Structures are given as structure tokens and as C-alpha cells.
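Please consult the sequence and the structure while reading.

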Amino acid sequence: MKTALAILRKDLLLELRTLETLPAMALFSITTFVIFHFGLNRPTVEGQTAAGVLTVTLLFAGILGVNRLFVAEREQGGFDAFLLAPVDRSAMLLAKATALFLFLAVLEVIAVPAFGLLLLGPSLGPPLPSLIAVLALADLGIAVIGTLVSALAVQTRARDVIGPVIGLPLLIPALIATARAIGPLLGSGGPAPLPGKWLLILALYDVVFALVAYAVFDFLLED
Amino acid sequence: MVDTPAIELRGVARFFGERIALRNISVIVPAGATLAVLGRNGAGKSTLLRVLATLLRQHAGEVSLLGEPLPQRAFAVRGRLGLLAHEPLLYRDLSGRENLRYHARLHGVSAERVEDLLREVGMERRGDEPVRLLSRGMVQRVAVCRAVLHDPEILLLDEARANLDPGASELVEPLLGRASGRTRVITSHDPQAALAEADFALGLRDGRPTFSLPADQVTPEHVRELYA
């Protein structure tokens, strides 16, 4: 845990210094909302359409973060330095997934209100607590799979392509569950109760991929 | 009782695809001794160091460090090795001090050790500047601190004094030099300088050994042939 905290602290410090990831993710999501606004030719969206727009935008913005997650390790020798240390390799997984989770959470603090202002028809206030719960579960899945895919992609020359090509198909179940869970919350007649089935699917998905990531992550770092 | 060699390689080979990076490398380095690895660019010196650093696996042969076979017991020797390679393994946007504190946490070393080392290499005043703003020589001095931070038993030095002026070279000598008492594997493009501080020498050409001798038995003819 101490090792994971050291890596996380270093990653957050690097992001604060360089601001290479979060501003790009936030700008991307706001631009995408504007594009949807014109592309759908509708002043507002609600229900399942709103859920789809929000989920897809956050997912694609998240992929930007996934692509950047291990760049400093690869380009500045962080992998080698970490591999030379007598520490558990899983610490890197835990730290990177936590960093990505935090990036996604900060992104949503900016992007969700922007979505409410730019596109969403119904008020964002009433469904907000439920929306936060769903997005937290979705972020967990994106963080775990994103870290796994990013660790794999960064070893290749075509890492900017490999990340989305492998990551997006793996994230389709999370996308479906998130969008279906959010849809009823954003209905024009006010938020419906949270659909427990989709929340459960999302939670199961997170647990399964967390276990898979824990099992294979060491092999991704080794020669 | 026979002392276990610090480094033992028997018939080691490593390939990158079909290219032979190392083949049939055998060498024994007793604890506290220095091995100089000589050869032209691309001879396999850095690959050999990366195998010894546990960063690459050999594809054939046996590697044993401090009595532990690699790669099976790599975890047992990591933390007892220090690597100073071409890349400083430092984050450019962190300061030298922040980088060293991060590595200290990974190795379970105290923050005092970081300060002691920065002082020793004359970087205590520039230690808070981002690494990207430091000269190459200063970056190398911080990299030296990183390599010896955890007081490793084996030092793997790939052109360790590159970018260092004579003054800086003198500053890092107690940490990297023979007087450090560590087992060392050094590579250098200056064969005379490397041989002068080595006990054993391994000549590599296209990944294959051309000689493996006590350093004082390496003749100018050996060196000429190696670089011809």
C-alpha cells in the first residue's frame, strides 16, 4: 500500500505540474456536448438519449486519460526504475487505476454540470445523487480496464491506436450498463428509481475485471 | 567454504527477433570485483547490463546474481542492484529531490539519505529545480544518487561518467568507484580507462565474446581487434 501511495502521489504531482491530461479530457467532453447539440439538431435531450450522450462522451474523454496513463513511465524510464525496486508489481496497478479514477471523477465534476447547462432538458438536481453512484461504478470499471489496456498499449509503437482499439470493445458492457442505469434518471417527468439490475451488472463487471487485472498485470510489466 | 560469486553467467544468449544481441556469454565476477565490458556500439553491452539488471530475460544459459538464479529469483536480488544507464530514469517535470524521494519510498530508504547524497554530489542547492531545467551533467549527478540510493551490492554502470566534467566525476567517485566496495559491471567507450579500474574484462563483438580475461592480461592487440 505504501508503494501504491508513493506512485499515486508522484502521478498526481506530475499531472499538477504538467496539466497534460485533465484539461484535455475536460475540453474534449465540452466540445463533444457542443457537437451533439448541433449534430442532433435539438436544443435539449432527455431520457435514454441524454444518458447515451453523457456516457459516450465521458467514455471517449476517459480514453484520452487511458492513453496518457503510462506515457511518463515509458518515455522517462519510470517502468525500469519501478521494476528495479523490490516492490509488489500490483502496486503499480492499484496506483494507476486510482489515478485514472480520480481523473475521471474530476472530469465529471466539470463535464456533468456542463452537460446540464448545454444539453440536458430536465433539471440535473434531483437525479444527481443516483447519477453520482452510477458514474462512480462506471469510473471504477473504466479505471481498471483502462489501466490494463494502457499498460499493454504503451509497450507497442502504435499505443495511441491500441488503447482505444482494445479498450473500447472491453468497455462496451460497462457502457451499456451505465447508459441503461442513467436513462431512467434523466427522464422528462423527473427521475425514476435507480434500476438495480444494471447497477448490479456494472458492479459485477468491475469485480470481474479487477480480478483479471490483478491476475495478469505482473506479466504486462515483465520482459 | 567457497565464496559465492556476485555474478555468474554461463552460456547466456539473448535475441531480439532473429537478431542475436548476446550469445554464449560466460563470466564469473567475485564479490567486490569490477568487470569491464568492452565493445563497439551495438556489441551487446547495454543488453548484457539489462539482463543483469533483471529487466531482460536471457533466452538461453544461466544467470546467477548474489547466488540467486535469474529470472526465477529476480525478486530476491532487485533492491540489491543499482543501474546507471544511458537514461537517467528520472521524471523530467519533478525536481531532483522529488525524484529521489520517490525512489527512496520505493526502496524503503529514509529522506535523510536523499539529502546526504544530494550534498555529496554537490546538488543540494539545485535539488528543487525540475530535472528538465538541469544540465546533462547535473541530471547525471542526480541519476548517480538514484542508482546508489539503496546502497546496492552490485552496480551496473553503462557509461556512468558520460556528461560529467572532471570535478563532477571526482565527486561521484566515492559512490561509483572501486572504493565504494561494490561489485561493479562497467561499460565504457574508453577501453583504457575501463581496464584501469577493472579486475576482469569481457570483450564483445556482435553479441559474442571475443575475450574474457583478467583485466591486466588484456593486451593492446585484444583491444585493437575488438574495435577494428
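At what angle do the axes of helix α8 (residues 159-182) of chain A and α9(A) cross, and within what distance do they come?

## Helices α8 and α9

In this predicted model, the axes of α8(A) and α9(A) cross at roughly 150 degrees and come within 8 Å. Angles over 145 degrees count as roughly antiparallel, and α8(A) and α9(A) are therefore roughly antiparallel to each other. The crossing of α8(A) past α9(A) is left-handed.

The residues that α8(A) brings to this contact include A:Pro173, A:Ala174 and A:Ala177, while those from α9(A) include A:Trp198, A:Leu199 and A:Ile201. By class, the contact of α8(A) with α9(A) has nine nonpolar, one polar and one charged residues.

## Helices α7 and α9

Helix α7 (residues 128-153) of chain A packs against helix α9 (residues 196-221) of chain A at an angle of about 20 degrees, and their axes lie 9 Å apart. The two helices, α7(A) and α9(A), are therefore roughly parallel to each other. The crossing of α7(A) past α9(A) is left-handed.

Among the residues in this contact are A:Val134, A:Leu137 and A:Gly141 of α7(A), and A:Asp206, A:Phe209 and A:Phe217 of α9(A). By class, the contact of α7(A) with α9(A) has 19 nonpolar, two polar and one charged residues.

## Chain A and chain B

Between the chains, 21 residues of chain A are in contact with 23 residues of chain B. On the side of chain A that touches chain B, the elements giving two or more residues are α1 (2-18) and α5 (78-84) of chain A. The largest share, eight residues, comes from α1(A). By class, this side of chain A has 11 nonpolar, five polar and five charged residues.

Note on methods
Residues are numbered from 1 along each chain as its sequence is written. Chains are lettered from A and ligands numbered from 1 in the order in which they are written. This is a predicted model: local features need pLDDT of at least 70, side-chain atom pairs count only at pLDDT 80 or more; totals for chains, interfaces and linings use all residues. Axes are lines fitted to C-alpha atoms, for helices over the stretch in contact, and angles run from 0 to 180 degrees between N-to-C directions. Helices (H or I, at least four residues) and strands (E, at least two) are DSSP runs, numbered from the N terminus. Angles under 35 degrees count as roughly parallel, over 145 as roughly antiparallel, 65 to 115 as roughly perpendicular and the rest as oblique. A crossing is left-handed if the near helix is turned anticlockwise from the far one by less than a right angle, and right-handed if clockwise. Two residues are in contact if their C-beta atoms, placed from the backbone, lie within 7 Å. Ala, Val, Leu, Ile, Met, Phe, Trp, Tyr, Cys and Pro count as nonpolar, Asp, Glu, Lys and Arg as charged, and the others, Gly among them, as polar.
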